[in-house]
Amino acid sequence: MSGTVHLVGSGPGAPDLLTLRAARLLERADIVFYDALVHPETLALAARAVKVAVGKRSGRLSTAQRFINKQLIDAAHKYQTVVRLKGGDPMLFGRAQEEIDALMAAGIALHIVPGVSAAFAASADLQCSLTRRALARSVVFATPREAAGSRENTWARAAAAADTAILYMAAGQAQAVSDALIANGVPASRPAVIVENASNTERRIIPANVGSLHTAAEHIGDGPALVMVGEVYADITAAGLEWPVSALPTRAPVTP
Ligand code: SAH
């Protein structure tokens, strides 16, 4: 017997930001392999499944990717419905390709379910469009995090060229991010904002600009955070910490 492995996006954290397809799959899953960022309520939907933590949070104890691949293949030989839950959308900075390649090479049936990526959850929290008319017509998703054997790191050039740049896995190296952007021609005054724990009740929103990213990053905790850069954040930067974020989780509309 060989089951199917479903690579499923669990969304940005809030358990009700899961797709219906993901919820239904979890309900009938035999085994679930999940990342550190998956909410316990989401996991609880998999009532009848064996649950295996394969958490990967940078700088913390993690399960080697090759071992995860092997576990998925072994599980598919044993169970009908194998779910691999990944934070946000599985296809963005989620090492999905390693798992896809390994499963395909092993001849295992594969199905992928998209999820709400952190960039979209953070934009919703900020009530600020990534592509605000007249200010932004391009968005870049980038990360300064280098993988072993990666190609020449061109993230900063791409981020500098975009109207809006969303940087994943970047808040922990805010000074280096700031330096790299400035070295690529971004003015230190370009507006920025750091959003930690987007979509969750413990979310934090720290207004900044490119030159002050390091100081801004000191205000965040150890939750996942995005660095967002672009003129679309000018109002947030201008308002500074006075920017109204107190009424979370459902904020009243911001009055200009
Ligand atoms: N596949 C995921 C990204 C995985 S990389 C997605 O589509 O969202 C992990 C990084 O995502 C974190 O370092 C952080 O930069 C970002 N991230 C994930 N969840 C987040 C959240 N709730 N709020 C802010 N950033 C988040």
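Is lysine 70 buried, partly exposed or exposed, and what is its relative accessible area? Lysine 70 is partly exposed, with a relative accessible area of 48%, where buried means under 20% relative accessible area, exposed over 50% and partly exposed in between, computed with a 1.4 Å probe on protein chains only.

The views below come from a predicted model, in which local features need pLDDT of at least 70 and side-chain atom pairs count only at pLDDT 80 or more, while totals for chains, interfaces and linings use all residues. Residues are numbered from 1 along each chain as its sequence is written, and side-chain values use heavy atoms, with hydrogens and water left out.

**View 1. The protein chain as a whole.** The secondary structure of the protein chain comes to nine helices and ten strands, these being DSSP runs numbered from the N terminus, with helices (H or I) of at least four residues and strands (E) of at least two. Of the 256 residues in the protein chain, 49% are buried. Among contacts with a separation of 6 or more, 69% are between residues 24 or more positions apart, a contact being heavy atoms within 4.5 Å.

View 2. The side chains of aspartate 74 and lysine 70 meet in a salt bridge, at 2.7 Å from N to O; the term stands for a side-chain nitrogen of Lys or Arg within 4 Å of a carboxyl oxygen of Asp or Glu. Both residues lie in helix α3, four residues apart, which is about one turn of the helix. An α-helix has 3.6 residues a turn, so residues three or four places apart point the same way. Aspartate 74 is partly exposed, with a relative accessible area of 38%.

**View 3. Helix α3 against helix α4.** The axes of α3 (residues 65-78) and α4 (residues 96-105) come within 10 Å and cross at roughly 45 degrees. Axes are lines fitted to C-alpha atoms, for helices over the stretch in contact, and angles run from 0 to 180 degrees between N-to-C directions. The two helices are therefore oblique to each other, since angles under 35 degrees count as roughly parallel, over 145 as roughly antiparallel, 65 to 115 as roughly perpendicular and the rest as oblique. On the α3 side, Gln65, Ile68, Asn69, Leu72 and Ile73 meet Glu98, Glu99, Ala102 and Leu103 in α4. The residues of this contact divide into five nonpolar, two polar and two charged.

View 4. Glutamate 99 forms a salt bridge with lysine 86, with the closest N and O atoms 3.2 Å apart. Because glutamate 99 lies in helix α4 and lysine 86 in strand β4 (residues 81-86), the pair ties together parts that are 13 residues apart in sequence. Both glutamate 99 and lysine 86 are buried, and a network of salt bridges links Asp35, Arg84, Lys86 and Glu99.

View 5. Aspartate 235 and arginine 132 form a salt bridge, the closest N and O atoms being 3.5 Å apart. Aspartate 235 lies in helix α9 (residues 234-239) and arginine 132 in the loop between α5 (118-126) and β6 (139-142), so the pair ties together parts that are 103 residues apart in sequence. Aspartate 235 is partly exposed at 48% relative accessible area, and arginine 132 is partly exposed at 35%.

Technical notes. Nonpolar A, V, L, I, M, F, W, Y, C, P; charged D, E, K, R; others polar.
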